[in-house]
Amino acid sequence: MTRRRVAVLGAGIMGTATAIELARRGLDVTLIDREPAPMSATSRWNEGKIHLGFLYGADPTTATAEHILPGSLVFGDRARELIGSELDGHVTREDDVYLLHRDSVVDAATMRRKFDAIGELVRRHPDAARYLVDVSDARVTELGAEELAAIAGDGIVAGFRVPERSVDTRWFADRLAAAVADEPRVTLRARTTVVGAEPLRSEDGRWRIRTDDDEDEVADVVVNALWNGRLPVDVTAGVDPDPPWTHRYRLCVFARTRTPHRVPSALVAVGPFGDVKNYTDRDFYLSWYPAGLLAQGGALELPQPELPTGDEATAFVERVRSALGVLVPGIDEVLDDAEETVVHGGFVFAQGQGALDDPRSGLHRRDRYGVRRRGSYHSVDTGKYSTAPWSARILAEEIAG
């Protein structure tokens, strides 16, 4: 009996994890991506937050946290199985600190109530002990005035310590790319852009994958795990996108210092938005959303912006320093001591529209994601990096089963 062939479109975290899971269940997989290697785009260049729902403190419901928790709580288990090694030494070691900006779209009392509600959801979840650290007894604590003054600058009016962690995405990207390369049933087609997926009329249930090099692929099953380019391919497959949606492209700074720095992993929210991740005391992620947002739109696909280089990249780092440094002291020391500074970016896709400084924006919640199907065609809105390995396992079991 001939094994079914699956075409997986997109070699980010969702596509790569799905390809590995399918191959380990005996299916032949063609993994197609426009980049020269798997895990080279957004899945490599982000903060790696393993969300528990706290970021969406402006969501008046707990729907986002409820949707995210099942996948995020088992991220560590799924990730270790995929790469065959532990994550120790590549995960932030302390709880995140959420810093409430004075121009936030919610006040401190509202955020406290929301965080308490999410914390209760986390503790009650049956998989709470399986998170990157055991969060079955974890509590959200509000920082006192003295502690807040020690780690936050002017413009911050409150702070909360929450039991969230992040993984170093560049380290994990290398391991996941190596894992898929070790799977003999996975064939990689790199530097190939998918332009369409159409059902074969003469062979019921099969699909033709059209590519920019005119070397079309035929598959029994299609998993569209593209990130920015997913919607145009869905249209060719007869899967109409579900509006509204927003594409964004944001830049970040990845820094490695010569000596250790004990800067906390902190997130400035909600409205003015920034992020600091301290993975090892020497490896850092820095982001200031107003400076890093290069492009945004509601078309089917957002054109790839050009990455800044040379003096432009240096200028961007300085914009991040000037904005983030006054809110999170220690950023100046990190950048002054950096032996390597990389400016890179990635796409963000979300079902919703609006701006982060608008309390009515649909981007303050993230519970509208999952899999849409047409026959054996599966279009995957991964939602969050943190839920991708869990989603990949479920989808692979469905296809293989």
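I take a salt bridge to be a side-chain nitrogen of Lys or Arg within 4 Å of a carboxyl oxygen of Asp or Glu. By this rule I count 40 salt bridges.

Ground rules. The model is predicted, so I note that local features need pLDDT of at least 70 and side-chain atom pairs count only at pLDDT 80 or more, while totals for chains, interfaces and linings use all residues. Residues are numbered from 1 along each chain as its sequence is written, and side-chain values use heavy atoms, with hydrogens and water left out.

Entry 1, salt bridges. I looked up E21 and found a salt bridge to R393, with 3.1 Å between the closest N and O atoms. The pair links distant parts of the chain, 372 residues apart: E21 sits in helix α1 (residues 13-23) and R393 in helix α11 (residues 388-400). For helices I use DSSP runs of H or I, at least four residues, and for strands runs of E, at least two, numbered from the N terminus. Both E21 and R393 are buried. I use buried for under 20% relative accessible area, exposed for over 50% and partly exposed for what lies in between, with a 1.4 Å probe and protein chains only.

I next checked R124, which meets E120 in a salt bridge at 3.9 Å, N to O. Both residues lie in helix α4 (residues 108-124), 4 residues apart, about one turn of the helix. R124 is exposed because its relative accessible area is 55%, and E120 counts as partly exposed because its value is 32%.

D127 pairs with R130, the closest N and O atoms being 3.2 Å apart. D127 counts as buried at 18% relative accessibility, whereas R130 is partly exposed at 32%. I also traced a network in which salt bridges that share partners join E21, R25, R78, E81, R393 and E397.

A pocket here is found on a 1 Å grid over the protein atoms alone, as an open set of points where a 1.4 Å probe fits, with protein on both sides within 12 Å along at least five of seven lines; lining residues have an atom within 4 Å of a point. The lining has 13 residues, and the closest to the pocket centre are G370, V371, W390, S391 and I394. β19 (371-374) and α11 each supply at least two lining residues, and α11 gives the largest share, 5 residues. By class I list 7 nonpolar, 3 polar and 3 charged residues.

G10 counts as buried because its relative accessibility is 3%. Leaving aside neighbours within four places in sequence, I find G10 in contact (heavy atoms within 4.5 Å) with G15, T16, L31, I32, D33, A225 and L226.

A core is a set of buried Ala, Val, Leu, Ile, Met, Phe, Trp, Tyr and Cys residues joined through side-chain atoms within 4.5 Å. The largest has 75 residues, and F75, L87 and F172 have the most contacts inside it. Its largest share, 7 residues, comes from α1.

Conventions
Nonpolar A, V, L, I, M, F, W, Y, C, P; charged D, E, K, R; others polar.
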